[in-house]
Amino acid sequence: MASHSQSLQLSGRRPPPRFFFRLLLPCLLISLPNTVLSRCLHTPIIFSFGDSNSDTGGLAAGLGFPVNFPNGRTFFRRSTGRLSDGRLIIDLLWYGPPRMEGSIIVLEPFSNGSTLCQSLGANFLSPYLDSVKSNFSNGANFAIVGSSTLPKYVPFALNIQVMQFLHFKASLLDPTVPGPRHLISDDGFRNALYVFDIGQNDLADSFSKNLSYVEVVKRIPLILAEIKHAIQVMHNQGGRKFWIHNTGPLGCLPQKLTLGPKKPGDLDPHGCLSAYNDAARLFNEGLRHLCQQMRSELKDSTIVYVDIFSIKYDLIANSTKYGFSSPLMACCGYGGPPYNYDIRVPCGQPGHQVCDEGSRFASWDGIHYTEDANTIVASQILSMDYSAPRVPFDFFCSK
């Protein structure tokens, strides 16, 4: 594990259009979907709402918050504001179904007939708050690090993100407002995919306030009500296609595992905090029922619920199958085994320790996942095995 002062000198070159993820194990046992290259019939447009799991640079752009190298070292070769060594799930979902070439995962961009769509393979989803480099022709990303559903009207709570979207749409469609025109038409907003991945911070913040398990789960209906309201607002604005991620295994994050001494029975067989994961499961069950309810209420809409928890927990429980020897240890942090996490020395700050580039870790900084892990999660999402209803990710742009 290299120290901060021993960081590798990295090239500024970006990989070629077809991206190869070299895995260290020669016989990596990942079950990948056997499907053909996805095809879009019109330009794919996405609007993303959530937290750091989906933030592609909003915190850095909006608040000037430093997200320092080695964040971004694997793919971008520089920090982009993402809390990972490379791409996030939201980035990787914009590629077609993955396939294996020997021990290499290949992700292809969506195609549009004989040519490639203007997908985020070339233009990654721009943060709404980035006023310098943004390209909103494929949509906008309102997700911000640290966001939750409650309390409301606090930057950047979910209802604030929804208000930002309403302002964005109104400005884009108002002919009297100066600025670029025809980036996204009214039809574009109607045909767009609305992605929600939020709730993790609501649960984590509740536990951090020393609320009991019972007190934490009592807050779940309030969190779900905010998500439901956000979906209803998007539907009122013409949105008809929704992609909803549940929350991951909170109790498996190295950050949570270092919070204090653990009593017998606190950990499950895979070393994760049972109470945190049980609360996440209850939230997810409520979210699944909410999606079922809203399908009956919004019969003209497609609402896809994706079980991220099961995908990520499988990554921990069967880590060796995926090539991760220490799934509960952060690549970038401080303190060494078993978790390499210290809240006083976060990744990117002076004194941090980072694993060698190319080594296999699931956790990047103790809270967020590495590109290696995100690639596996994205491949499982694209398999449709964890989606209800079972529809391909590109359904919103293929008909």
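This report walks through some strands, disulfides, loops and surface spots of one protein model.

## Before we start

The model is predicted, so local features need pLDDT of at least 70, side-chain atom pairs count only at pLDDT 80 or more, and totals for chains, interfaces and linings use all residues. Residues are numbered from 1 along each chain as its sequence is written, and side-chain values use heavy atoms, with hydrogens and water left out.

Let's begin with strand E11, residues 302–306. Helices (H or I, at least four residues) and strands (E, at least two) are DSSP runs, numbered from the N terminus. Four of the five residues in E11 are buried, so the strand is largely enclosed by the rest of the structure. Here "buried" means under 20% relative accessible area, "exposed" means over 50%, and "partly exposed" is in between (1.4 Å probe, protein chains only).

Which strands pair with E11? Strand E10 (residues 241–245) runs parallel to E11, and five bridges join them. Strand E14 (residues 387–388) runs antiparallel to E11, with two bridges. Two strands pair if DSSP finds at least two bridges between them. To find these pairings in the structure, look for Ile244 opposite Tyr305 in E11, and for Val306 with its bridge partner Ser387 in E14. As background, in a regular strand the side chains alternate between the two faces of the sheet.

## Three disulfides

A disulfide is a covalent bond between the sulfur atoms of two cysteines. In this model, a pair of cysteine sulfur atoms within 2.5 Å is called a disulfide, and the count comes to three.

Take Cys252 and Cys272, whose sulfurs are 2.1 Å apart. The torsion about their S-S bond is about 105°, so this disulfide is right-handed. Cys252 sits in the loop between E10 and helix H8 (254–257) and Cys272 in the loop between H8 and H9, so the pair ties together parts that are 20 residues apart in sequence. Both ends are tucked away: Cys252 is buried at 3% relative accessible area, and Cys272 is buried at 0%.

Next come Cys331 and Cys355, with an S to S distance of 1.9 Å. Their torsion is about -80°, so the link is left-handed. Cys331 is in the loop between helix H10 (308–317) and strand E12 (332–333), while Cys355 is in the loop between strand E13 (353–354) and helix H11 (371–382), so parts 24 residues apart in sequence get tied together. Cys331 counts as buried at 2% relative accessibility, and Cys355 counts as buried at 4%.

That leaves Cys332 and Cys347, joined at 2.0 Å. With 90° about the S-S bond, their link is right-handed. Cys332 lies in strand E12 and Cys347 in the loop between E12 and E13, so this pair ties together parts 15 residues apart in sequence. Both Cys332 and Cys347 are buried.

## Loops around helix H2

Is Leu93 buried or exposed? Leu93 is buried, with a relative accessible area of 2%. You'll find Leu93 in the loop between helix H2 (89–92) and strand E4 (99–101). Its C-alpha atom is 9.8 Å from that of Asn374, although the two residues are 281 apart along the chain.

Now for the loop between helix H1 (58–63) and H2, where Arg82 lies. Arg82 is buried at 5% relative accessible area, and its side chain makes a polar contact of 2.9 Å with the side chain of Thr80. A polar contact is a pair of N or O atoms within 3.5 Å; within protein, one must be able to donate a hydrogen and the other to accept it, and residues adjacent in sequence count only if both atoms are side-chain atoms.

Most residues other than glycine have a negative phi, and most peptide bonds are trans. Now look at Phe69 to Pro70, a cis peptide bond with omega near 20°. Leu150 to Pro151 is cis too, with omega near -5°. Pro70 is in the loop between H1 and H2, whereas Pro151 is in the loop between strand E8 (139–141) and helix H3 (158–173).

As for phi, Arg77 has a positive value of about 65° although it is not a glycine. Arg77 also lies in the loop between H1 and H2, and is partly exposed at 27% relative accessibility. Asn210, not a glycine either, has a positive phi of about 65°. Asn210 is in the loop between helix H5 (200–208) and helix H6 (213–218), and counts as exposed at 71% relative accessibility.
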